[in-house]
Amino acid sequence: MFSQLIKLIRVLSSEVSPLQISAGFSLAMIMGLTPLLSLHNLLVIFFLLILRINIAAFIMAWAFFSVIAYGLDPVFNQLGEYLLSREDLQLFWKQLYNIPLARVSQFNNTLVLGSFTAAILVFFPMLFIANSLII
């Protein structure tokens, strides 16, 4: 525990920009709150490697948000069930299910859809909050 705190202090005082650190926290939030074996997590890893985001901040935040996700899974499950059972979205879900790549994304799983929706909604506020706290 103490060694992780020292690593966090080193990351915050390193030569990277605060936006790179906060982007690492925000992308880790998406990956930590959603189930690990999901297609969108490949995109998160792609952005992590391409955009020069701080990997140390990403790994620490990923561990943090993975622990939080266990407590929020019932809420994510209810959100996903609500979205999948809405009458006005039924045609959209049927059309999306007919696309092979969309089927692989597991959008029809209530936990995946609910956690991904919540993570996307909180992504930009988390980015700005983390950036202001780091500065």
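**View 1. I68, a partly exposed residue.** At 31% relative accessibility, I68 counts as partly exposed, because that value falls between the 20% limit for buried and the 50% limit for exposed. Keep in mind that this is a predicted model. You'll find I68 in helix α4. Now look for M29: along the sequence it sits 39 residues away from I68, yet in space the two are 9.7 Å apart, C-alpha to C-alpha.

**View 2. Helix α2 packing with α4.** Here α2 (residues 18–33) meets α4 at an angle of about 35°, and their axes are 7 Å apart. The two helices make a right-handed crossing. On the α2 side, the contact residues include I21, F25, M29 and L33. From α4 come, among them, A57, W62, F65, I68 and F76. So what kinds of residues make up this contact? Sorting them gives 16 nonpolar, 3 polar and no charged.

**View 3. Helix α4 packing with α7.** This time α4 (residues 55–85) packs with α7 (residues 110–134) at an angle of about 110°, with the axes 6 Å apart. That angle is why α4 counts as roughly perpendicular to α7. As α4 passes α7, the crossing is right-handed. F65, D73, F76 and E81 are among the α4 residues in the contact, and α7 brings in residues including T110, L113, G114 and M126.

Methods. Residues are numbered from 1 along each chain as its sequence is written. This is a predicted model: local features need pLDDT of at least 70, side-chain atom pairs count only at pLDDT 80 or more; totals for chains, interfaces and linings use all residues. Side-chain values use heavy atoms; hydrogens and water are left out. Axes are lines fitted to C-alpha atoms, for helices over the stretch in contact, and angles run from 0 to 180 degrees between N-to-C directions. Helices (H or I, at least four residues) and strands (E, at least two) are DSSP runs, numbered from the N terminus. Angles under 35 degrees count as roughly parallel, over 145 as roughly antiparallel, 65 to 115 as roughly perpendicular and the rest as oblique. A crossing is left-handed if the near helix is turned anticlockwise from the far one by less than a right angle, and right-handed if clockwise. Contact means heavy atoms within 4.5 Å. Ala, Val, Leu, Ile, Met, Phe, Trp, Tyr, Cys and Pro count as nonpolar, Asp, Glu, Lys and Arg as charged, and the others, Gly among them, as polar. Buried means under 20% relative accessible area, exposed over 50%, partly exposed in between (1.4 Å probe, protein chains only).
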